[in-house]
There are 2 protein chains.
Amino acid sequence: MRELRKDPVVGRWIILSSDRRLRPSDFSEPDPEAANGGPDSCPFCPGHEAHTPPEILAYRDGGAPNGPGWTTRVFPNKFPALRVEETLERSGEGLYDRMTGVGAHEVIVESPEHDRDLSELEVPQIERVLLAYRERILDLQRDTRLQYVLVFKNAGRRAGASLEHGHSQLIATPIVPRVVTEELEASRAHFRAKERCVFCDMIDHERRDGRRIVLESDRFLAIEPFAPRYPFETWILPRRHRAGYETAEPEDYAAFASILKETLGRIRRALDRPHYNYVLHTAPWGGDEGDSYHWHLEIMPKRTPAAGFEWGSGFHINPTAPEEAAEYLRGIRS
Amino acid sequence: MRELRKDPVVGRWIILSSDRRLRPSDFSEPDPEAANGGPDSCPFCPGHEAHTPPEILAYRDGGAPNGPGWTTRVFPNKFPALRVEETLERSGEGLYDRMTGVGAHEVIVESPEHDRDLSELEVPQIERVLLAYRERILDLQRDTRLQYVLVFKNAGRRAGASLEHGHSQLIATPIVPRVVTEELEASRAHFRAKERCVFCDMIDHERRDGRRIVLESDRFLAIEPFAPRYPFETWILPRRHRAGYETAEPEDYAAFASILKETLGRIRRALDRPHYNYVLHTAPWGGDEGDSYHWHLEIMPKRTPAAGFEWGSGFHINPTAPEEAAEYLRGIRS
């Protein structure tokens with residue numbers, strides 16, 4: 001079973017993907033995917049391409065498809081939450097709404113090297129990863145059933161990663177996720193009230209204030225947000241207004257790679273290799289968010305075991321002021 | 001520093017409570033509170049009352065305040081996220097809004113016994129815990145600066161608990177948390193459209209359908225919700241409409257204790273003592289939600305390491321269908 005279901009009260013969609021585990025009784029078994037025996041048994045390492053589904057995209061120095069020689073490689077998740085092969089069907093059942101599990105769930109292997117964090121790769125290699133995100137978003141936009149592509153990275157078990165070889169993921173969905181919708185609507189409301197992008201206002205404010213800036217380059221700004229959910233939560237924003245990640249200027253991707261490497265590297269040194277997530281926030285295609293929304297990346301280190309009740313309450317308690325975190329990160333030597 | 005801050009885009013409030021840890025550099029140290037050396041070193045065990053702040057409420061078989069003899073004991077959190085002693089002040093700074101950290105953060109120790117899960121206590125003892133929630137909500141309502149009391153339980157480290165002795169917590173806030181507001185507004189919209197409570201509609205639907213029912217008693221229903229975020233997520237709802245937990249009928253608390261014990265016990269056996277959270281969802285006092293909202297408890301087992309990206313995306317992937325989970329839980333012998 002693979003379907004989308006909507007909570008009848010708050011309208012939150014979830015993905016039910018019940019063939020990812022077979023039965024409830026399997027649930028107390030350890031996840032077989034969690035086994036990490038190093039490069040020899042890693043399905044993401046070069047030479048083991050047959051252990052993954054066939055590649056959708058690969059940047060190569062040489063070699064044939066689905067063999068070694070790649071620098072960045074994209075393929076469908078072996079246990080996909082959603083699949084493009086489904087037919088889009090919507091149905092109701094009393095109060096409830098559901099949709100077939102149409103979509104895509106892909107893995108982006110960031111480099112051939114097994115145990116390198118993204119921050120340890122060279123800038124051109126990180127740029128290839130960022131260009132792979134862009135290329136996949138552009139390709140998935142052609143599927144008219146889909147409305148959004150969510151790009152994210154889970155690094156480390158505490159952040160939800162089951163394999164240690166550095167990788168990102170994307171999930172393309174036939175609906176715009178609720179968290180994205182909320183952000184889009186809030187940005188639109190700000191624009192209607194002020195004729196300005198709320199993120200541009202934030203960038204202006206932070207650059208004048210200075211206390212929450214981690215790094216600044218010609219094209220990007222890395223800040224600790226004013227109201228961070230997690231200690232050392234860090235956002236990277238392009239300084240020039242642009243709603244969609246995939247339509248950034250060609251030069252932006254190298255500049256983004258550079259500030260991303262430096263920011264992740266500092267967080268890594270500050271917190272001693274924390275597990276972390278990041279999520280790319282970008283406008284859906286074909287919307288009217290050109291003026292009001294502003295793409296950015298939100299990085300969330302996960303040092304403490306998930307502070308449980310926040311899941312249910314939406315209330316985050318953060319013991320570290322962003323001003324202190326930013327000062328600390330600014331002081332770290334590269 | 002202890003203050004509430006609002007994200008300028010989506011309006012999410014967070015609590016900054018930065019004296020809970022001293023400096024960013026302390027952050028990579030293990031949490032000293034996480035040490036669990038058994039009853040001898042447990043500040044929540046009888047005889048160790050001097051290791052906690054003075055009690056606010058205790059149900060006692062005997063003994064003097066702040067000494068042994070209690071069956072359920074409530075005191076302020078030693079490292080409170082919010083404190084009643086602050087003065088409520090609101091201030092702006094450009095785009096940003098903040099508020100002083102007025103509120104309350106209390107611990108409810110569920111029994112004198114160190115290593116009993118709530119499901120292992122006798123029904124009358126669980127009822128005392130539930131009555132303590134009620135009594136604290138009623139008392140905090142008298143503080144006119146406060147708008148909401150969020151009662152929750154973190155059981156086990158993976159669910160955010162730092163001490164193993166069974167306890168619940170409450171946080172009283174000068175604002176209504178966003179997740180609560182969303183639920184209230186959605187319920188009100190349903191009521192306006194249909195003149196019916198959405199939770200009453202859900203209860204009717206589930207009782208007719210049957211597939212997602214875990215347990216049913218005269219006064220309560222335990223179900224797997226149609227769109228669960230987590231495997232074995234379980235909700236307990238009173239069958240009769242009532243917006244506020246603290247105004248339930250006197251007989252409800254014993255009946256709630258009984259179904260809560262049985263439900264938690266079955267989840268415990270099904271998933272082999274999972275870590276879990278629960279959050280009490282109840283209407284704020286003095287609102288107009290009497291007809292449209294319906295209090296309930298949401299239980300969220302945390303078997304897998306937090307599926308990271310869901311934090312950032314709001315998109316939950318659940319590998320276990322609620323119909324299968326309910327069938328499995330129904331089949332477990334008490």
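Me: As I understand the term, two strands pair if DSSP finds at least two bridges between them. Which residue stands opposite I108(B) in strand 7 of chain B?

Reply: The residue opposite I108(B) is V74(B). Helices (H or I, at least four residues) and strands (E, at least two) are DSSP runs, numbered from the N terminus. Please note that this is a predicted model, in which local features need pLDDT of at least 70 and side-chain atom pairs count only at pLDDT 80 or more, whereas totals for chains, interfaces and linings use all residues. Residues are numbered from 1 along each chain as its sequence is written, and chains are lettered from A and ligands numbered from 1 in the order in which they are written.

Me: How many bridges join strand 4 of chain B to strand 7 of chain B?

Reply: There are four, and the two strands run antiparallel. Strand 4 of chain B covers residues 70–76.

Me: Is strand 7 of chain B enclosed or open?

Reply: Strand 7 (residues 104–109) of chain B is largely enclosed by the rest of the structure, because six of its six residues are buried. A residue is buried if 20 or more other C-beta atoms lie within 10 Å of its own, exposed if 12 or fewer, and partly exposed in between, with C-beta atoms placed from the backbone.

Me: Which residues point which way from that strand?

Reply: A104(B), E106(B) and I108(B) point one way, while H105(B), V107(B) and V109(B) point the other way. In general, side chains of a regular strand alternate between the two faces of the sheet.

Me: In what order do the strands of the open sheet in chain B come?

Reply: The 10 strands follow the order 3-4-7-9-8-13-14-12-11-10, with antiparallel pairing. At the edges are strand 3 (57–60) and strand 10 (213–216) of chain B, each of which pairs on one side only. On average, neighbouring strands of this sheet are turned by 15 degrees against each other, direction ignored.

Me: New topic. At what angle do helix 1 and helix 4 of chain A cross?

Reply: Helix 1 (residues 123–140) and helix 4 (residues 250–270) of chain A cross at roughly 115 degrees, and their axes come within 8 Å. Axes are lines fitted to C-alpha atoms, for helices over the stretch in contact, and angles run from 0 to 180 degrees between N-to-C directions.

Me: Which residues of the two helices meet?

Reply: From helix 1 of chain A, V123(A), I126(A), E127(A), L130(A) and L131(A) take part. Among their partners in helix 4 of chain A are Y253(A), F256(A) and K261(A). Two residues are in contact if their C-beta atoms, placed from the backbone, lie within 7 Å. By class, this contact has nine nonpolar, one polar and two charged residues. Here Ala, Val, Leu, Ile, Met, Phe, Trp, Tyr, Cys and Pro count as nonpolar, Asp, Glu, Lys and Arg as charged, and the others, Gly among them, as polar.

Me: What about helix 6 of chain A: which residues are buried?

Reply: In helix 6 (residues 322–330) of chain A, they are P322(A), E324(A), A325(A), A326(A), Y328(A) and L329(A). Their cover includes strand 10 (213–216) and helix 4 of chain A.

Me: How many residues of chain A are in contact with chain B?

Reply: On chain A there are 75, and they touch 75 residues of chain B. Helix 2 (residues 178–194) of chain A gives the most to this side, with six residues. The side of chain A that touches chain B has 40 nonpolar, 17 polar and 18 charged residues.

Me: Which strands of the two chains pair in the parallel sense?

Reply: Strand 15 (residues 316–318) of chain A pairs with strand 2 (residues 13–17) of chain B over three bridges. N318(A) has L16(B) as its bridge partner.

Me: What rotation superposes chain A on chain B?

Reply: The rotation is 180 degrees, with 0.0 Å of shift along its axis and an RMSD of 0.0 Å. That is the relation of a two-fold axis. Copies are superposed by least squares on the C-alpha atoms of residues with pLDDT of at least 70 in both. The copies meet through the same surface, because 99% of the interface residues of chain A are also interface residues in chain B.

Me: Lastly, what does Y96(B) touch?

Reply: Not counting residues up to four places away in sequence, Y96(B) touches F226(A) and P8(B). Y96(B) lies in strand 6 (residues 96–100) of chain B and counts as partly exposed, with 17 C-beta neighbours inside 10 Å.
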